[in-house]
Amino acid sequence: MKNISLIGMPGSGKTTIGRVLSKKLGMKFIDLDRYIEEKAQMKITRIFEMYGEDYFRNIESHSLLDVLDTENTVISTGGGIVTREENMIFLKKKTIIFYIKRDLDIIINNVRFDNRPLLKDKNNLYKLFEKRSMLYEKYCDYAIVNDASIYDAVDKIIKILQED
Ligand SMILES: Nc1ncnc2c1ncn2[C@@H]1O[C@H](COP(=O)(O)OP(=O)(O)O)[C@@H](O)[C@H]1O
Ligand SMILES: O=C(O)C1=C[C@@H](OP(=O)(O)O)[C@@H](O)[C@H](O)C1
Ligand SMILES: [Mg+2]
């Protein structure tokens, strides 16, 4: 099976859906943020605090290259992966890209903000969406609306893969 990647706003469900999807399809699972934390031996928040966003984006791009050297894997990315075109060129080559779409107000009411440095100011979610939604739409192969259960979103993805 070709690799699958999930993109979308922070808190939209990429990590949770990716994990369940990989189990259901019998594929491996990699969460890029967890991979970065293990590699750097530091929480994402700490990386941002100590070295800033640019430094994080550099690690993120390198880590993406590491994890794309794989097959039969579901990769959940971080919400900012679309901010560098090079990331998306590699993702497009190596994966089928699903954009996970979730209502911003639902995200704000449900998500934990402690390990999401860019969401400390909740208004920032709307600003990020303005900058990024075009990019998510542009780069994805398919968009999935995550407006019911996690399992519902997973089933939508599996249905598309079966029809593909
Ligand atoms: N359809 C859903 N129903 C209930 N909770 C959801 C749903 N989608 C996402 N969540 C919850 O939202 C939070 C953020 O999800 P997460 O997978 O960490 O998002 P991301 O990786 O995109 O930042 C988690 O607590 C997750 O369980
Ligand atoms: O949107 C972003 O720029 C980020 C999203 C986070 O991942 P999630 O999308 O899994 O929350 C994480 O990579 C980092 O905090 C930056
Ligand atoms: Mg995540």
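Select S12 to begin: this residue is buried, because 25 other C-beta atoms lie within 10 Å (buried means 20 or more other C-beta atoms within 10 Å of a residue's own, exposed 12 or fewer, and partly exposed in between, with C-beta atoms placed from the backbone). The model is a predicted one, in which local features need pLDDT of at least 70 and side-chain atom pairs count only at pLDDT 80 or more, while totals for chains, interfaces and linings use all residues. Residues are numbered from 1 along each chain as its sequence is written, and chains are lettered from A and ligands numbered from 1 in the order in which they are written.

S12 lies in the loop between strand 1 (3-7) and helix 1 (14-25). Helices (H or I, at least four residues) and strands (E, at least two) are DSSP runs, numbered from the N terminus. Leaving out residues up to four places away in sequence, S12 touches I100, K101, R102, I107 and N146; a contact requires C-beta atoms, placed from the backbone, within 7 Å.

G13 is buried, since 24 other C-beta atoms lie within 10 Å. Residues up to four places away in sequence aside, G13 touches I100, R102, N146, I150 and A153.

Now display ligand 1. Which residues come nearest to ligand 1? Of the 15 residues around this ligand, they are S12, G13, K14, T15 and T16; a residue counts as near a molecule if its C-beta atom, placed from the backbone, lies within 6 Å of it. Helix 1 supplies the largest share of the shell, three residues, and helix 1 and helix 8 (150-163) each supply at least two. By class, the shell around ligand 1 holds four nonpolar, 10 polar and one charged residue. Here Ala, Val, Leu, Ile, Met, Phe, Trp, Tyr, Cys and Pro count as nonpolar, Asp, Glu, Lys and Arg as charged, and the others, Gly among them, as polar.

Turn to ligand 2 and select its surroundings: P10, G11, K14, T15, D33, I44, G78, G79, G80, R116, P117 and L118. This shell comprises four nonpolar, five polar and three charged residues.

Within that shell, pick G79, which sits in the loop between strand 3 (73-76) and helix 5 (85-94). G79 is buried, because 23 other C-beta atoms lie within 10 Å. Not counting residues up to four places away in sequence, G79 touches G8, M9 and P10.

Proceed to R57, in helix 4 (residues 53-67). Is R57 buried or partly exposed? R57 is partly exposed, because 16 other C-beta atoms lie within 10 Å. Apart from neighbours within four places in sequence, R57 is in contact with G80, T83 and R84.

An unreviewed UniProt entry lists G11, S12, G13, K14, T15, T16 and R116 under "binding site", and the same annotation covers D33, R57, G79 and R132. UniProt positions follow the numbering used here, feature names are shortened, and annotations may be inferred rather than shown by experiment.

Finally, show the whole chain. The chain has eight helices and five strands, in the sequence pattern β-α-β-α-α-α-β-α-β-α-α-β-α. Its C-alpha trace spans about 45 × 35 × 25 Å along the principal axes. Of the 164 residues, 35% count as buried.

Note on methods
Two residues are in contact if their C-beta atoms, placed from the backbone, lie within 7 Å.
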